[in-house]
Amino acid sequence: MASSYPPERFLFSPGPTQVEPRVYQAMTRPMVGYLDPYLFQVFEEVSRGLRVVFGTTNQFTLAVSGTGSAGMEAAISNFCDPGAKLAVFVAGFFGERICEMGRRHGAQVVRLDKPWGEVFSEDEARAFLERERPAVVAFVHAETSAGTLQPPRAITRPAREIGAITIGDCVTSLGTIPINVDDNDIDVAFSCSQKGLSCPPGLSPFTVSPRGVEWLKARKIDNPVWYLDLKRLMEYFLVSRRYHHTAPVSMFYAVQEGLAAILDEGVEQRFARHLAAHHSFVRRIEALGLQMHVAPGHRLTTLNTVRVPEGLDDAKTRQRLLDEYSIDIARGLGPLAGKVFRIGVMGPLATEDHLDRFFDAFAACLAAVPAATM
Ligand SMILES: *Cc1c(COP(=O)(O)O)cnc(C)c1O
């Protein structure tokens, strides 16, 4: 009996995003064992590609098994000792998630909040960090729930001044937006495979600065999450190749190929293509009489939050896009539920042709959907 076959969607969503066809191909390559020398070549190639997209020379650059949240939990559990003070900048859903993980790992969490759709200035960050003097500082580079891009230096510069370890959630920025981990003084950065890298979900790219590695080596306690113990992972991937857990081999083939596609295009060209697609997207949104939620200059250019116009039923609009055009976009979360559409323009979809297709469908749905009933 044949198993069912998925519909072919256009994933204009925050993630998973559209997968490069050559990545699907790569995933059908033959299985090898977790200690096979070939697999270690793949790991090497993945680490090399990840350094380019992260913008780092960090030797500790690898992919952790699991989705972006596994990377987040690896960062929090390995760098926040129980009782240590963790300062989190919260202006969206994922900042909240970092706080929640910190709480569960016994950190003393302090937070600075802003409305979803705003970013933090260096003065605000410095005042907060000088008052709190935390050991660890975490922020979200690309806040997917709000559609904002946080300038890293505004947080890492004052964090460095007080000697804190800095953690950056780069889950939605990696592969489409420059992160410049080294220049931006981010000690620990994590991401995922299914957003800017145009691969399926399953791996969490991760990088640690030499300063962060020293910190890890000096750590006295065992990581409370055995599976995400970075010292053990470092040993398996980078040093002794001693078994820790079975690497998701086919996912490594996928990310290896996804990174090769990015390097073939040229990383700068890819960033420029995404930026051009964003500008085109905003022009087209405004031409429809709609508004972006975030002020220009603070926008996450690959994930657009568009205000739902007064009286429009956002759930019906999204349903119609999916049913009639096979186009997937996302809803607003938390305080933005019902108020914004979240529309990703990433990877193979970040082209004028795909934007034409999207806007033909979107305009038709806006015109066809009846106003929300009061
Ligand atoms: C998607 C996302 C996550 C969580 O990643 P999963 O892959 O869903 O586990 C974390 N942070 C940000 C900013 C995200 O966009």
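Student: Start with Arg22: is Arg22 buried, exposed or partly exposed?

Tutor: This is a predicted model, so read every value as computed from that model. Arg22 is partly exposed, because its relative accessible area is 31%, which falls between the 20% and 50% cut-offs.

Now look at the partner. The side chain of Arg22 meets that of Glu257 in a salt bridge, with N to O at 2.8 Å. Glu257 is buried, with a relative accessible area of 13%. Arg22 belongs to helix H1 and Glu257 to helix H9, so this pair ties together parts that are 235 residues apart in sequence. The idea behind such pairs is simple. Side chains of opposite charge can pair when their charged atoms come close.

The structure holds 28 salt bridges.

Take Glu100 and Arg103. They form a salt bridge whose closest N and O atoms are 3.0 Å apart. Both residues lie in helix H4, which covers residues 93-104. They are 3 residues apart, about one turn of the helix. Glu100 counts as partly exposed, at 29% relative accessibility. Arg103 counts as exposed, at 53%.

Next, Arg211 and Asp187. Their closest N and O atoms are 2.5 Å apart, and the two residues form a salt bridge. This pair links distant parts of the chain, 24 residues apart. Arg211 sits in helix H7 (residues 210-218). Asp187 sits in the loop between strand S8 (165-169) and strand S9 (188-190). Arg211 is partly exposed, with a relative accessible area of 32%. Asp187 counts as buried, at 1% relative accessibility. The pair also belongs to a network of salt bridges that links Arg153, Arg160, Asp185, Asp187 and Arg211.

Now step back to the domains. The protein chain is divided into domain 1 (21-263) and domain 2 (266-368). Their C-alpha centres lie 27 Å apart. The contact takes 25 residues from domain 1 and 22 residues from domain 2.

How much area is involved? The size of an interface is often given as the accessible area lost when the parts come together. Here the area buried between domain 1 and domain 2 is about 1,900 Å². Carbon and sulfur atoms give 67% of that area. On the side of domain 1, Trp116, Gly147 and Thr176 supply 27% of the area buried against domain 2, more than any other three residues.

Then check the charges. Across the interface of domain 1 and domain 2 the rule finds 0 salt bridges. Four elements each supply at least two residues of the side of domain 1 that touches domain 2: helix H2 (37-54), strand S6 (142-143), strand S7 (148-149) and helix H9 (249-265). By class, that side has 13 nonpolar, 10 polar and 2 charged residues.

Ser13 is placed in the loop between strand S1 (10-11) and helix H1 (21-26). Ser13 is buried, because its relative accessible area is 3%, under the 20% cut-off. Leaving aside neighbours within four places in sequence, Ser13 is in contact with Leu303, Asp328, Ile329, Gly344 and Met346.

Definitions and conventions. Residues are numbered from 1 along each chain as its sequence is written. This is a predicted model: local features need pLDDT of at least 70, side-chain atom pairs count only at pLDDT 80 or more; totals for chains, interfaces and linings use all residues. Side-chain values use heavy atoms; hydrogens and water are left out. Domain bounds come from an automatic or database domain assignment. Contact means heavy atoms within 4.5 Å. Buried area is the accessible area (1.4 Å probe) that two parts lose on being put together, summed over both. A salt bridge is a side-chain nitrogen of Lys or Arg within 4 Å of a carboxyl oxygen of Asp or Glu. Ala, Val, Leu, Ile, Met, Phe, Trp, Tyr, Cys and Pro count as nonpolar, Asp, Glu, Lys and Arg as charged, and the others, Gly among them, as polar. Buried means under 20% relative accessible area, exposed over 50%, partly exposed in between (1.4 Å probe, protein chains only).
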